[in-house]
Amino acid sequence: MLITQLKEKATLVSLTEGKKVFIINCQGCKEVRFPEKEAAEFRKELDADGRLTGFITTDYICNPDNMKLRLEKHMARIEAADVVLVFSCGVGVQTVSEYLENKKVYAACDTIRVPGFQGVTPLEYDCGQCGECYLNLTGGICPITACSKSLVNGQCGGSKNGMCEVDGDMECGWERIYRRLEEIGRLDVLKCPTQVRNFATDEEVGK
């Protein structure tokens with residue numbers, strides 16, 4: 001079981017302020033608690049401001065083939081948006097970010113693990129369900145799961161020819177992050193030190 005909870009309102013505002021937005025809601029996994037009411041309220045605010053180009057509520061966006069088919073009919077509205085805001089666990093955000101490689105894709109939720117059955121993804125990337133999500137700072141590539149050492153402030157310096165020193169068959173996650181940020185014109189975020197993670201436990205979340 002896991003919980004996707006909305007990021008703080010100030011964070012969502014900072015990501016979307018003055019921008020046209022397309023929203024993707026994923027409500028696929030029954031094992032995931034989705035902040036449906038909060039997501040709808042924020043979407044209505046964007047729509048009232050005339051900044052919402054469109055939205056879809058779908059399931060299993062972590063399935064690339066399924067997601068592509070669902071997004072194809074909305075591509076004109078997606079292209080009209082400055083950013084795509086994804087309400088899902090970290091796997092869904094990474095899937096959308098990889099598909100819309102020239103678009104700024106942001107995570108609207110943090111993902112928190114709680115006891116019970118966990119969803120399984122066949123993809124190369126995963127979600128560590130580690131609370132405060134860093135995907136908005138790393139171009140939609142998770143530094144926790146894409147880096148063998150789960151480094152959050154940049155690469156270790158041990159990579160060789162773009163490959164990880166721990167796993168020679170694994171591409172260095174931070175080189176991937178750098179290339180991605182360069183592609184979408186967001187290298188400036190690397191100048192800011194990563195904030196200390198909020199390690200809230202599931203017991204704290206339940207209070």
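Trainee: What does buried mean here?
Mentor: Buried means under 20% relative accessible area. Keep in mind that this is a predicted model.

Trainee: How many residues of H5 are buried?
Mentor: Helix H5 is mostly covered, with 8 of its 10 residues buried.

Trainee: Which ones are buried in H5?
Mentor: Gly90, Val91, Gly92, Val93, Gln94, Thr95, Val96 and Ser97 are the buried residues of H5.

Trainee: OK, the sheet now. What is the order of its strands?
Mentor: The order is S4-S2-S5-S6, in an open sheet of 4 strands with parallel pairing.

Trainee: Which strands stand at the edges?
Mentor: Those are S4 (52-58) and S6. Each has a single partner strand, so one side of each has no neighbour in the sheet.

Trainee: And what does the twist average from one strand to the next?
Mentor: The average is 20°.

Trainee: What does H5 touch on the sheet?
Mentor: H5 packs on the sheet and touches strand S2 (21-26), S5 and S6. The direction of H5 makes about 175° with that of S6.

Trainee: Back to S5 and S6. How many bridges do they pair over?
Mentor: Strand S5 (residues 83-87) pairs with strand S6 (residues 104-107) over 4 bridges, in the parallel sense.

Trainee: Which residue in S6 stands opposite Leu85?
Mentor: Tyr106 stands opposite Leu85. For Val83, the bridge partner in S6 is Lys104.

How values were computed: Residues are numbered from 1 along each chain as its sequence is written. This is a predicted model: local features need pLDDT of at least 70, side-chain atom pairs count only at pLDDT 80 or more; totals for chains, interfaces and linings use all residues. Side-chain values use heavy atoms; hydrogens and water are left out. Two strands pair if DSSP finds at least two bridges between them. Helices (H or I, at least four residues) and strands (E, at least two) are DSSP runs, numbered from the N terminus. Buried means under 20% relative accessible area, exposed over 50%, partly exposed in between (1.4 Å probe, protein chains only). Axes are lines fitted to C-alpha atoms, for helices over the stretch in contact, and angles run from 0 to 180 degrees between N-to-C directions. Contact means heavy atoms within 4.5 Å.
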